[in-house]
Amino acid sequence: MTTIKDSVHDHIEVEGVAADLLDTPAVQRLRHIKQLGTVQLAYPSANHTRFEHSLGVYHLAEQALEHMDVDGIDAERVRAAAMLHDVGHGPFSHNIESLTHRETGKYHDDVDELLAQGQVGDVLRRNGLDPSRVAGLVAGEGKYGQLVSGELDVDRMDYLVRDAHHTGVPYGTIDPGRLVRALQFVDGELVLAPGNVQSAESLLVARALMNPTVYSHHVARISKAMLRQAAERLLRSDPDLTAEELRRMDDHGLIVAMRLCAETAAFARRYAERDLYKRAVWAELGGVPDWLLDADHEDLRELEAEIAGACDLDPREVIVDVASDPAMTESTSRVMVGDEIRELGRQSPLVKALRTAQYQQWRLGVYTVEEASERVGRVAVDILGLEVDGALVSERRGRPATLDEFADAT
C-alpha cells in the first residue's frame, strides 16, 4: 500500500492494481498536464495537474465501492479505470482536444490502444484485468462505467472541489463524502438515495457557477483559443509531427515545440509573457445569427481571414471563438424520490433558472492584438452579422462599450 498526502482529500491510500499503475509512464505523464489548461493565466494558483486529480478520482471511487459493497473483479476494474481515466488527455487537457479529435477521430476517453499496450497493458493483464473492459469503463460503458464517466461520476465530484480549492473560488465547494455515500444502483442505474435532491442540486449549482467564473473566464477562453490556433499551425508546419504524437505530448513538450517552430514562436513568447490578445467583440447569444452558431472549423478560419484582411492584419492576429451550446448534463442526474427514480431536471425548480443563466452568460468572442481591437470590433460586427441592439458587449480601452457604438463609428 502507498499513502499519498493530497491537498483536497488529505491522505489517500493506494493499493492493488492502482498502486501498480502509479509509476507507469502513462500515469506519470499526467504530472505534466495541467488540470485546467491555461486557466492559470487568470488564476495563478491553478497549477494542479491531471495526476493529482486522478488520485482524487481513485480515492472517491474506492469510497463508493466500499459504500455499495462492490468487490471482486468489478471493483478492481473500477479502481483501474479511475486511475487511468485521464491518460488519453493531450497537452493542456481539453484546450486542444477539438484539434486532435478532428485529426485522429479520438477524444480523451478513447483509450483502448493506450491501455492495451506498454506498461499499462502489462500491469492490467498481470492483475487479471482485460484492458478493453477497463477502457470501456473509462468511456462510461456498462453498469459500473457510470461511476467513472456519467452524470453522477466521481470524476466530476473531484474536479469541482479540486478546481475550487486551487483557484481560490468558493463556488465549486461541494460535499463529495455525502454524495458518495448517497450513491446506489437501482435496476442497474446509478442514482442518489432518497433525501438527496439537494445534494444533486449542489453539483448543478457548483458547475453552473464555476463555468463563467473559472472555466469560461475571458482570459481562459482567449488563451485557450490562441493555444488551439498555434497548435494547429504547428501541426501544419512540421511535416515530421503527427496528430497522434501531438496528442501524446505534455504541456512542456508542446510549448518547447512551439518555441522552436517559426510559425508558432510568437505565440510561445506571448504565452510565456502573458501577452494575450484582447476582446474586440464579446457578444451575447441573442445577437448572434444561427448560421454563425452552426459554422464549422473551416468556415471560422475563412471569417478570421476576411476580418484580418479588412483590417490589414495577419490572419493569425484575429480569432473568432464560438462557444459550444450551453449544456447542463448534471440536470439528467437521477435521484430517488420515495420509491421512484426521477430526473433532477424534472424534480428541481433550480434547473430552469440555472439553464436560463447559462444562456445569458454565453458569449461569442473575437480576439485580436490590442492596438487593433477597435477596428477589428467594428469590422467583425459587420462581417459576422451581429445584431446591434445595445445588449451585445465589447470591451476596449478598459471599459465596456455596446456594439451600437461600433455601428455609429462606421
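This is a predicted model: local features need pLDDT of at least 70, side-chain atom pairs count only at pLDDT 80 or more; totals for chains, interfaces and linings use all residues.

Tutor: Residues are numbered from 1 along each chain as its sequence is written, and side-chain values use heavy atoms, with hydrogens and water left out.

Student: Why is the contact between D6 and R162 called a salt bridge?

Tutor: The term requires a side-chain nitrogen of Lys or Arg within 4 Å of a carboxyl oxygen of Asp or Glu. For D6 and R162 the N to O distance is 3.0 Å, so the pair qualifies. A search of the whole structure finds 27 salt bridges.

Student: What makes D6 and R162 a tie between separate parts?

Tutor: D6 lies in strand β1 (residues 2-6) and R162 in helix α10 (residues 154-167), so the bridge ties together parts that are 156 residues apart in sequence. Helices (H or I, at least four residues) and strands (E, at least two) are DSSP runs, numbered from the N terminus. Both D6 and R162 are buried, a word that stands for under 20% relative accessible area, with exposed meaning over 50% and partly exposed in between (1.4 Å probe, protein chains only).

Student: How do you know whether R102 is buried or partly exposed?

Tutor: R102 has 37% relative accessibility and therefore counts as partly exposed, whereas E232, at 15%, counts as buried. The side chains of R102 and E232 meet in a salt bridge, at 3.6 Å from N to O. That pair links distant parts of the chain, R102 being in helix α5 (residues 97-104) and E232 in helix α13 (residues 218-237), 130 residues apart.

Student: What separates R301 and E304 along their helix?

Tutor: About one helical turn separates R301 and E304, because they are 3 residues apart in helix α18 (residues 297-310). Their closest N and O atoms are 2.7 Å apart in a salt bridge. R301, with a relative accessible area of 26%, is partly exposed, while E304, at 4%, counts as buried. Salt bridges that share partners also join K106, E113, E244 and R247 into one network.

Student: Which residue listed by UniProt range belongs to the entry "domain: HD/PDEase"?

Tutor: The unreviewed UniProt entry lists residues 46-169 under that name; positions are in the numbering used here, feature names are shortened, and annotations may be inferred rather than shown by experiment. Over residues 46-169 the chain is 66% helix and 0% strand, and the end C-alpha atoms are 10 Å apart.

Student: Why is L137 called buried?

Tutor: L137 has 9% relative accessibility, and therefore counts as buried.

Student: What makes the phi of F92 worth a remark?

Tutor: Phi of F92 is near 60°, a positive value in a residue other than glycine. S93 likewise has a positive phi, of about 55°, although it is not a glycine. F92 is placed in the loop between α4 (72-84) and α5, and S93 is also in the loop between α4 and α5. F92 counts as buried because its relative accessibility is 1%, and S93 counts as buried at 3%.
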